[in-house]
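Take a look at the structure below. Then read on for a short tour of some of its parts.

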Amino acid sequence: MKMKRRTFLISSIATTAAIGVRQMFAVTPGTVTGTPRLKFGVLSDTHLDCNTRAWFRTALEWYREQGIDALIIAGDMTNYGCFSELMYTAQEWERAFPNDKAPDGRSVTKLFCYGNHCVLPESDWHRKQYPDPAERQKNVVALDPKGAWERAFHEAYAPVYSKTVNGYQFVGVHWTGHNAREAWFDAHAKEIDPSKPFFYFQHPHPKDTCYGKWAWGHDDGTSTRILSQFPNAIAFSGHSHFPLTNEETIWQGAFTSIGTSSLNYSGTCDYCNASNGANHHQGRQGMLVTVCDDHVRIERHEFFTNQSLGDDWILPIGKGATKPYEYATRIVKRVAPEFKAGTMAKVELVLPKPDKDGKTPPPSQLKVTFPAAESREKCRAYNYDVEAFVEEVTDGKPLKKWRTHATDYHLPPSKAGGECACFIRLADLPKKTGVRFVIHPVECFGKMGAAISTPVFTTPD
């Protein structure tokens, strides 16, 4: 893991230096004036159905209060690719912004795109829901993505499209438009004003950008290759559901790439191989982006708690602007979280509940619990490494190693700091063996704090 991380950082720095790109912005950088020229919201992975549309309504009402000029939804507006689900988005939008207007009469622009869930291929489930072929044609978005889009949103559909809001350009790519990206940029690249930031959005993450090479849900590299020609590009992407509390969410290299999290639930990184028992549906997140003459300010918001998820990200813009969110620059400044002195961990069997027949199956899991490590210089424990050693040995090779998210990995700082857990399958451990578990706190870029351990636990037969 560490070798991959270093390899990616070296590669990204070399790529940025090697690419011949146009000058980044023409506006002279100055002090952070705060004068807004554009304000827009960013959501993704709303996955609307009859149970979740209320959260979308809550988000829209909050964005309306912030006075947005536009809203990006970076894909996965539906759960099962049904037109009725797509209409939930359209109906809630119309409720919040009738005729695309704010209460003061300003225009508010829709910047939506399909994700993979919006255009799920026709399946047996669809055929069961809509037995009549004609009804199925109307109700399965994948069978007519253009027609479904135009019926729902009353605007022309194109696989790749561009809109201008307050003088700033947005380029959106549908899940159905990935193969059209290169042709679109070949035809329209000269129309992109290099003196301003322009905003790009699609559902999957541009490969080897936010979250690095290990990101779940990145694309084939086409968008990274295209956008690397535009240092003024700021890309938004979803798909992974990774929370905005992860500082790897924002990446700067040849351009800027930002993950959009999810309004529906927080995802877990694929390098985590143990459950943490967190309530992932508390991770209902979005961003508010304010564009000024000399900077772009990005506020991370949690709709479940109506709180900030951390310090705003501020991107300087202008000729010679710095890139404060390059991974290599930030890793040097990160500090490992640490357990408070005297912190103790414990381990116990998870006792199963009786099944339908009233019989209780034998335990199949262990639960390792421990207090959260303390943040240092705002670097919180995002993950924990848990290692199993035989008896008292802690300096040899572990029996097995797990990585799990902190139970509060997706929550605002004010809600962090509670007890953490790691659930471990008994099948991963030898039977009738004394085992001690050693736990290290790890911040999101990989800086690791000192360990604590559990008492010895003897696994059952």
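This report covers a hairpin, a glutamine and several salt bridges. The model is predicted.

Start with strands β4 and β5. Strand β4 spans residues 160-165, and strand β5 spans residues 168-173. The two run antiparallel, and 6 bridges join them. Thr164 stands opposite Gln169 in β5.

Now look at the turn. The hairpin has 2 residues between the strands. Asn166 takes a positive phi here, near 55°.

Next, find strand β8, residues 250-252. Gln252 lies in this strand. Is Gln252 buried or exposed? Its relative accessibility is 5%, so Gln252 counts as buried; the cut-off for buried is under 20%.

The side chain of Gln252 has polar partners. One is the side chain of Thr256, in a polar contact of 3.2 Å. Another is the backbone nitrogen of Tyr325, which the Gln252 side chain reaches at 2.8 Å. Beyond its neighbours within four places in sequence, Gln252 is in contact with Leu315, Lys323, Pro324, Tyr325 and Glu326.

## Salt bridges

Side chains of opposite charge can pair when their charged atoms come close. How many salt bridges does a search of the whole structure find? The search finds 26.

One of them joins Arg127 and Glu122. Their closest N and O atoms are 3.4 Å apart. Arg127 is partly exposed, with a relative accessible area of 34%. Glu122 is partly exposed too, at 29%. Both residues belong to a network of salt bridges that also links Asp124 and Arg136.

## Two links between distant parts

Arg376 and Glu338 meet in a salt bridge through their side chains, at 3.9 Å from N to O. This pair links distant parts of the chain, 38 residues apart. Arg376 sits in the loop between β15 (365-370) and β16 (383-390). Glu338 sits in the loop between α9 (327-333) and β14 (346-349). Arg376 counts as partly exposed, at 37% relative accessibility. Glu338 is partly exposed as well, with a relative accessible area of 25%.

Asp408 and Arg380 form another salt bridge, at 4.0 Å from N to O. This pair also links distant parts of the chain, 28 residues apart. Asp408 is in the loop between β17 (400-405) and β18 (420-425). Arg380 is in the loop between β15 and β16. Are Asp408 and Arg380 buried or exposed? Both are buried.

Conventions: Residues are numbered from 1 along each chain as its sequence is written. This is a predicted model: local features need pLDDT of at least 70, side-chain atom pairs count only at pLDDT 80 or more; totals for chains, interfaces and linings use all residues. Side-chain values use heavy atoms; hydrogens and water are left out. Two strands pair if DSSP finds at least two bridges between them. Helices (H or I, at least four residues) and strands (E, at least two) are DSSP runs, numbered from the N terminus. Buried means under 20% relative accessible area, exposed over 50%, partly exposed in between (1.4 Å probe, protein chains only). A polar contact is a pair of N or O atoms within 3.5 Å; within protein, one must be able to donate a hydrogen and the other to accept it, and residues adjacent in sequence count only if both atoms are side-chain atoms. Contact means heavy atoms within 4.5 Å.
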